[in-house]
Amino acid sequence: MNPRIVAISGPIEGKEFRLDSGAVSVGRDTSNQIALLDSAVSRQHCIIEWLNGHAQLKDLESHNGTFVNGIPVSLRMLSHGDVVRVGHCELMYVISDEPVIRGSTPSSEPKTPSDILKTVTLRESHRWLANPTDVGRLARDLNALFKLSQTINSIRDIGELQRSLLDCIFEVVPAERGAIVLLDRTEDESGSVFPYERGGDEPESPFRAIW
């Protein structure tokens, strides 16, 4: 058994990282074993640990989430062939010595000549199949939309509401700063501006709205 993480897409495509010697951390900070210079990746994004002969993935409360086979996860035991997506990088967990071909998923069963030459006909309605990555993004966006709806219906204080809305937006959009501008069409002024920084701080330089 040769447990390792293989980058199959993204800026470090082709690189491999052994797992049986301990934990492998993933993030934007250069101190990580897998360092990804990607604005969609948190400084300390996730960690993959080798525990009792198995690989365990743990999301470190990253801003944009960690996905396994297109599904957002917080804690997950990995199986051979699982694809972990962090930002714009895909990492495959493999335990065999066979080389990993880009864009492929290892199979636990060998292919026979009859399987390789088999012709498969798809019905018209089945010709389009969702990419696992697209499914993961859709799940993340729907979850953010649900949280926005809950926030709007549960908070009455305008300041707290604006702060919570921007927090929800930052979970989907890899932005560092944002602002909500409330307009009053009955006056000449643009209204109130609520600036906000990722992490809960107000920016040192307030946003200015130009209309």
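## Pro 195 and strand E13

Pro 195 lies in strand E13, which covers residues 192-197. The model described here is predicted. With a relative accessibility of 13%, Pro 195 is classed as buried, because buried means under 20% relative accessible area.

Arg 163 is 32 residues away from Pro 195 in sequence. In space, the C-alpha atoms of Pro 195 and Arg 163 are 8.8 Å apart.

## The five-stranded sheet

An open sheet is formed by 5 strands, with the order E4-E3-E5-E6-E9 and mixed pairing. Its edges are strand E4 (34-35) and strand E9 (75-77), each of which pairs on one side only.

Strands of a sheet pair through backbone hydrogen bonds, and the pairing is either parallel or antiparallel. Strand E6 (residues 54-59) and E9 run antiparallel and are joined by 3 bridges. Across from Gln 56 stands Met 77 in E9.

## Ser 25 in strand E3

Strand E3 spans residues 24-27 and includes Ser 25. Within the sheet, E3 stands between E4 and E5 in the strand order. Ser 25 has a relative accessibility of 14% and therefore counts as buried.

The side chain of Ser 25 makes a polar contact of 2.4 Å with the side chain of Gln 33. Beyond its neighbours within four places in sequence, Ser 25 is in contact with Asn 32, Gln 33 and Ile 34, and also with Cys 46 and Ile 47.

Definitions and conventions
Residues are numbered from 1 along each chain as its sequence is written. This is a predicted model: local features need pLDDT of at least 70, side-chain atom pairs count only at pLDDT 80 or more; totals for chains, interfaces and linings use all residues. Side-chain values use heavy atoms; hydrogens and water are left out. Helices (H or I, at least four residues) and strands (E, at least two) are DSSP runs, numbered from the N terminus. Buried means under 20% relative accessible area, exposed over 50%, partly exposed in between (1.4 Å probe, protein chains only). A polar contact is a pair of N or O atoms within 3.5 Å; within protein, one must be able to donate a hydrogen and the other to accept it, and residues adjacent in sequence count only if both atoms are side-chain atoms. Contact means heavy atoms within 4.5 Å. Two strands pair if DSSP finds at least two bridges between them.
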